[in-house]
Amino acid sequence: MISNERGIRRIVIAGLLLAITLLLVFTRIGMIPMPTPAANATIAHIPAIIGGILEGPIVGLLIGMGFGFASFMSATIPMFKDPIVAILPRLMIGVTASWVFILLRAATRRTLSIMIGILCVLMLTFSYQTYQTIAWLGIVVAIVAVGATAWLYWWMRRTDVQIVGLSMAAAVGSLTNTVLVLSAAVWRDYIPFEAAWGIGLTHGIPEAVVSAIVTVAIVSALRHIGEGWSDSQL
Amino acid sequence: MASYEALRHVTIGRYIPGDTPIHRLDPRAKLFAFATLIGLVLVATSYASSVLLLGLVLSCVLMAQLPIGYLLSNIRPALPAIAILSLLQLLFYRAEPGAPLLLAWGKLHISFVAVRVVIVSLIRFLVLTFLISLLTNTTTTSSLTNGLESLLRPLSRLGLPGHEIALVGAVALRFVPILGEELESIAKAQDARSVDDRIGGRWQFVHNARRVAALIVPLFVDAYRRAEEMILAMRARCYHGGEGRTHLVTLTFSSRDYVALGLMGLSIILVLTVQQLSLP
């Protein structure tokens, strides 16, 4: 039941972003070659992230559901022919992206620095826990955590706050996809736990970086933030 | 460049016209049966129940006169990936300690449970591939969205917007070929401007992401422009949601659909019984 313009807007924009998702899934144009065992990163989840950022969590959820159905329908390996792996985790992509964007929208550089600090502490705690069970993995996670924090801080100092929020939302949306899909796959016995870790680290992080780059480019174009955007339609 | 030509021919489960009992079923009956069977596939974990399900679905495929070779054709390129994943699953499956082993060679342990998990997941994959083809190859997209809307209607009492969800699906399916054509023109326009569209090596993934952005960003801008036009058009026509809306084609349940649903119920009971029996 809709009675206002906002309802119509949600339906139409969800429909069009879903059309882009279907196009990306079924034509394989959204495959980016990567230096990882899984070979390709996908950008087919980006419409769900953008729907979440621009129109709110409900639109993000709808597009994520459509993405899940599309990847379930077009799956060529047994893992993605399971709706619990293909559809359920995808619902959350747009939702988490939307939440992170809302959270960071009002942030200043100071609050961002504090958040990065907290993130670093959390990751180091996690790496210590991992160190106690699998030693080498704990060391790798700790190095990645420190490196990532340093890079994030350096990058945040020299980037527009709005773009930082957008990139973080996109990266979190993309990581939601990776983490939830892999957890579901492990839970349903499609891949062993250690392999999931490997795929998560080598595949999830580059995919998050790619999503952040592409999402910032798209949202800047749609909102005309940043400089150097003309009104060309092609 | 020629690869762009294919973009407008996106087919999502191409409709294969026919006049079989499966083609003539009401889309609501088909959707309901489809959803139930998917649930059943997830529950079936023994050899006997999954083979039984495969048999049931195969007989429906034969009844709908769908070419099986065509249904399997899009799996063929993925065969190496399927083989590698199955092998990983076989080698690293964690059976409970003390489970009977099929093979124990040095550090390599393969239990009977692991073999069953792999074979059952391969059968499940086949069943789901056939099921999806059964639904999408025998039903037109318009009757699918109509059926979906009418199935979701009772949920609107619970606050779930059934009409709106179906409309989102219909808008998306309508716009896929239009945006595909648009993507084709964008690709040609960027080529004409000598935008660097070479796919770089695997390590240059930032470069590759920028290359894809050169195609995707204009596509999103175009989609948003079309969306604004459509919002204006819908407001101009006083669109007010699903309440009190009538349809050109009204769906009716015939005796054929009740028979199909009855058979469906019987097969659910059969599969669940076989699953409960302590067959391997």
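Q: What makes B:Ala166, B:Gly169 and B:Ala170 count as touching B:Thr145?
A: Contact requires C-beta atoms, placed from the backbone, within 7 Å of each other. B:Thr145 has such contacts with B:Ala166, B:Gly169 and B:Ala170, leaving aside residues up to four places away in sequence. The model is predicted: local features need pLDDT of at least 70, side-chain atom pairs count only at pLDDT 80 or more, and totals for chains, interfaces and linings use all residues. Residues are numbered from 1 along each chain as its sequence is written, while chains are lettered from A and ligands numbered from 1 in the order in which they are written.

Q: Why is B:Thr145 called buried?
A: A residue is buried if 20 or more other C-beta atoms lie within 10 Å of its own, exposed if 12 or fewer, and partly exposed in between. B:Thr145 has 21 within 10 Å, so B:Thr145 is buried. This residue lies in helix H8 (residues 141-152) of chain B; helices are DSSP runs of H or I with at least four residues, numbered from the N terminus.

Q: Why is H3(A) called roughly antiparallel to H5(A)?
A: The axes of H3 (residues 57-74) and H5 (residues 92-105) of chain A come within 6 Å and cross at roughly 155°. Axes are lines fitted to C-alpha atoms over the stretch in contact, with angles from 0 to 180 degrees between N-to-C directions. Under 35 degrees counts as roughly parallel, over 145 as roughly antiparallel, 65 to 115 as roughly perpendicular and the rest as oblique. H3(A) is therefore roughly antiparallel to H5(A).

Q: Which residues in H3(A) and H5(A) meet?
A: Among them are A:Pro57, A:Val59 and A:Leu61 in H3(A), and A:Met92, A:Ala97 and A:Trp99 in H5(A). The residues of this contact divide into nine nonpolar, four polar and no charged. Here Ala, Val, Leu, Ile, Met, Phe, Trp, Tyr, Cys and Pro count as nonpolar, Asp, Glu, Lys and Arg as charged, and the others, Gly among them, as polar.

Q: What makes a set of residues a nonpolar core?
A: The members are buried Ala, Val, Leu, Ile, Met, Phe, Trp, Tyr and Cys residues joined through C-beta atoms within 7 Å. The largest such core has 87 residues, and A:Leu16, A:Ala19, A:Ile20, A:Ala169 and A:Val214 touch the most other members. Helix H1 (residues 5-27) of chain A gives the largest share, 15 residues.

Q: How many residues of chain B are in contact with chain A?
A: There are 69 residues of chain B in contact with 52 residues of chain A. H10(B) supplies the largest share of the chain B side, 23 residues.

Conventions. Helix = DSSP H or I, 4+ residues; strand = E, 2+ residues; numbered from the N terminus. Contact = placed C-beta atoms within 7 Å.
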